Amino acid sequence: MNIMASPVSMCCRWLDGPGCLRKVRKLFVNGSRQRMYSGATHKENELELGESALTAPNFRAPPKTRLTQTRLRDDSILPFSAFLTDNFGRRHSYLRISLTEKCNLRCQYCMPEEGVKLTPRGQLLSTAEVLTLARLFVREGVDKIRLTGGEPLIRPDVLDIITELRKLEGLKTIAVTTNGMNLARLLPKLKDAGLDLINISLDSLVPAKFEFIVRRKGFHKVMEGIDKAVELGYNPVKINCVVMRGLNEDELLDFVALTEKKPLEVRFIEYMPFDGNKWNFKKMVSYQEMLDCIRQQWPNLKLLQAGHTDTAKTFKVPGFKGQVGFITSMSDHFCGSCNRLRITADGNLKVCLFGNSEVSLREVLRSGASDEELLQIIGAAVGRKKKQHAGMFSISQMKNRPMILIGG
């Protein structure tokens, strides 16, 4: 019996029978299907930033989706969950969960200037649904969860979610990617709740340029958040910088200099195409170009050994406290070692950031499906994951969500 193929075959059996076509149409979503959005205006969205996208927290999973007593993964039989292993042997132990589509910034590379229409509140995952899915993935072998958005720290129950995640046996790492606007205020409580790692977005060290890129004020709040993270002992504090030609590529050396006296890891990210961000190949500064520029100033820049599933190529200037990384999604993909899955705020599973195929786990949950049925759907989606994403020019022509609706 081919154990690795079992999730797909089980999924087929579950879908086989009366109404199977209706189930398929309901569960599987692709880039060509229109999504349902609310008509909320930009002003209304901002007013709602302090409101929960949920009803009152309820951490008990619904009876039909509560975890069963029998583990579906037995380490004595399987080295890793068959449901989370694709056809190329990649084991997906890292889950990114978007907590909200809302954000208090409007970054140029992330979303259109006019903003995006938000998914109606009732179509977003509730707290209980987020935790149910997290428990299921962790039970199957996920040992790292990153909370993203939108801006995850504007979700009122983010501390409650982290507190509950911390209780999951087998979950080693809880991380957050944030724009840093609320970080200084919330970080002490986030750390107490169990937050292990922080990634902070910062695309310019010039306040006026920062405001131009993110279309909002707040530079000093972000810098305060970075300092607070260092003060509380996070090491490294990761700084995500999307490099765009004609905008901030002239600040590369200034960002590297930040790593001299502070335990920061500045990660330069190649500009990637998503709906509404007006991606242009000429705006993209490649990893090699960035590296050449930095080496002119620091020729002894040293390449550090990377883990098998690391996305960043990491370097260090000898004697500096911190380090520098490059996310080379466009010029030198790392698909062969990808161990990441994504759940969007509206409950869709994306097995590839640059893929437009999605599976609605929310609909499966709300249909009253069991954990086993959920895993069959997840396993089938993971089994369809391609060997690698398309090339940069093909990606730029593909229909995909804006980054803010994916959970970037």
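Which residues in H4 meet which residues in H12? The views below take up this contact and others in a predicted model, where local features need pLDDT of at least 70, side-chain atom pairs count only at pLDDT 80 or more, and totals for chains, interfaces and linings use all residues. Residues are numbered from 1 along each chain as its sequence is written, and side-chain values use heavy atoms, with hydrogens and water left out.

**View 1. Helix H4 packs with helix H12 (residues 371–383) at an angle of about 70°, their axes being 11 Å apart.** H4 is therefore roughly perpendicular to H12, a term for angles of 65 to 115 degrees. Leu133, Leu136, Phe137 and Arg139 in H4 meet Asp371, Leu374, Leu375 and Ile378 in H12, where contact means heavy atoms within 4.5 Å. By class, this contact has six nonpolar, no polar and two charged residues.

**View 2. Helix H4 (residues 127–139) packs with helix H5 (residues 158–165) at an angle of about 25°, with the axes 11 Å apart.** H4 is therefore roughly parallel to H5, as angles under 35 degrees count. On the H4 side the contact is made by Thr127, Leu131, Ala134 and Arg135, and on the H5 side by Ile161, Glu164 and Leu165.

**View 3. Cysteine 352 is partly exposed, with a relative accessible area of 23%.** Partly exposed lies between buried, under 20% relative accessible area, and exposed, over 50% (1.4 Å probe, protein chains only). The closest cysteine sulfur to that of cysteine 352 is in cysteine 335, 6.1 Å away and too far for a bond, since a disulfide is a pair of cysteine sulfur atoms within 2.5 Å. The count by this rule comes to zero disulfides.

Technical notes
Axes fitted to C-alpha atoms, helices over the stretch in contact; angles between N-to-C directions. Helix = DSSP H or I, 4+ residues; strand = E, 2+ residues; numbered from the N terminus. Parallel < 35°, antiparallel > 145°, perpendicular 65-115°, else oblique. Nonpolar A, V, L, I, M, F, W, Y, C, P; charged D, E, K, R; others polar.
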